Amino acid sequence: MSQLEHIEANEKRLWSAADLLRSSSNYASNEYFLPVMGLVFLRHAYSRYLTVKAKIDPTLPSRGKTRALTKEDFSQQSAIYLRSQAQFDHLVSLPDKDDCAKAIIDAMESIEKDYDNLSGSLETHRHGPITTTRDFSLRAVKEAVQPEKPPVTLMNGEQLMMLVKQNGIGIHRSTPDLFEIDEEALITGNGK
């Protein structure tokens, strides 16, 4: 099985697991959303890593004084350098007996160590905001504040719109004309 076929097979396995979680598990989506999104991030970062690596490899010296790939090689190509433990193929090849959750956490932490601007933002196992344009069910609100679980911030549609308005994100302020019905003029017939 080629590397691409292996990745595609694991991707199908991941989607099947997500379907199973949605349909028949006792987990609320906020309990698996961020770890799954972490895997999606790692998959995308790895795909980009492989693409850029294929461009960089031919430019490296092959005789005499050779050198390893560096973070700078990838930064110049707008990609993230991934240490071996953060590479998606490493993660999906782990045996079931291994602590896969710890391996994913270690992968995220290794990226954060290499990229200061990402520090704290990849902590998918520690916290997470969940946003909806509607409102959350009572069960979701209760799940979000369970003391033995990672904290989750819930933001409903009203809170989201308030933040959008406060920060002027994707909106512009205008003063519309306001028309009111003049009931007296309608009754007396003195209106225009």
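This tour moves through the structure one selection at a time and states what is found at each stop.

**Before selecting anything**

The structure is a predicted model, in which local features need pLDDT of at least 70 and side-chain atom pairs count only at pLDDT 80 or more, while totals for chains, interfaces and linings use all residues. Residues are numbered from 1 along each chain as its sequence is written, and side-chain values use heavy atoms, with hydrogens and water left out.

**The whole chain**

Display the chain as a cartoon. The chain contains eight helices and two strands; here helices (H or I, at least four residues) and strands (E, at least two) are DSSP runs, numbered from the N terminus. Read from the N terminus, the order of elements is α-α-α-α-α-β-α-β-α-α. Of the 192 residues, 26% count as buried. Buried means under 20% relative accessible area, exposed over 50%, and partly exposed in between, with a 1.4 Å probe and protein chains only. A contact is a pair of residues with heavy atoms within 4.5 Å. Among contacts between residues at least 6 apart in sequence, 55% join residues at least 24 apart.

**The largest nonpolar core**

Select Leu42, Phe74 and Leu82. Within the largest nonpolar core, which has 24 residues, these three touch the most other members. Such a core is a set of buried Ala, Val, Leu, Ile, Met, Phe, Trp, Tyr and Cys residues joined through side-chain atoms within 4.5 Å. Helices α2 (29-56), α4 and α5 each supply at least two residues of this core, and α2 gives the most, with seven residues.

Keep Leu82 selected and show its surroundings. Leaving aside neighbours within four places in sequence, Leu82 is in contact with Ala45, Tyr46, Tyr49, Gln87 and Ile111. Thr70 counts as partly exposed, at 27% relative accessibility. From C-alpha to C-alpha, Thr70 and Leu82 are 9.5 Å apart in space, and they are 12 residues apart in sequence.

**The aromatic residues**

Select Tyr46, Tyr49, Phe74 and Tyr81, which form one aromatic cluster. Four aromatic pairs are found in the whole structure. Rings of Phe, Tyr and Trp (its six-membered ring) pair if their centres lie within 6.5 Å; planes under 30 degrees apart count as stacked, over 60 as edge-to-face and the rest as tilted. Phe74 is buried, with a relative accessible area of 0%, whereas Tyr81 is partly exposed at 21%.

Two charged side chains also sit over rings. Arg43 lies over the face of Phe88, at 5.9 Å from the ring centre, and Lys71 lies over the face of Tyr115, at 4.8 Å from the ring centre. The criterion is that NZ of Lys or CZ of Arg is within 6 Å of the ring centre and within 35 degrees of the ring normal.

**Helix α5**

Select residues 100-114, which make up α5. This helix has 15 residues and reaches 21 Å from its first C-alpha to its last, close to the 21 Å expected at 1.5 Å a residue; the expected span is 1.5 Å times one less than the number of residues. The buried residues of α5 are Ala103, Ile104, Ala107, Met108, Ser110, Ile111, Glu112 and Asp114.

Focus on Ser110, which counts as buried at 4% relative accessibility. Not counting residues up to four places away in sequence, Ser110 touches Arg83, Gln85 and Ala86.

**The salt bridges**

A salt bridge is a side-chain nitrogen of Lys or Arg within 4 Å of a carboxyl oxygen of Asp or Glu; by this rule there are three.

Begin with Asp114 and Arg83, whose side chains meet at 2.6 Å, N to O. Asp114 lies in α5 and Arg83 in the loop between α3 (71-75) and α4 (88-92), so the pair ties together parts that are 31 residues apart in sequence. Asp114 is buried, with a relative accessible area of 13%, whereas Arg83 is partly exposed at 34%.

Move to Arg67 and Asp73, which meet in a salt bridge at 2.9 Å, N to O. Arg67 counts as partly exposed at 42% relative accessibility, while Asp73 is buried at 9%.

Finish with Asp57 and Lys53, where the closest N and O atoms of the salt bridge are 2.9 Å apart. Asp57 is partly exposed at 34% relative accessibility, and Lys53 is partly exposed at 26%.
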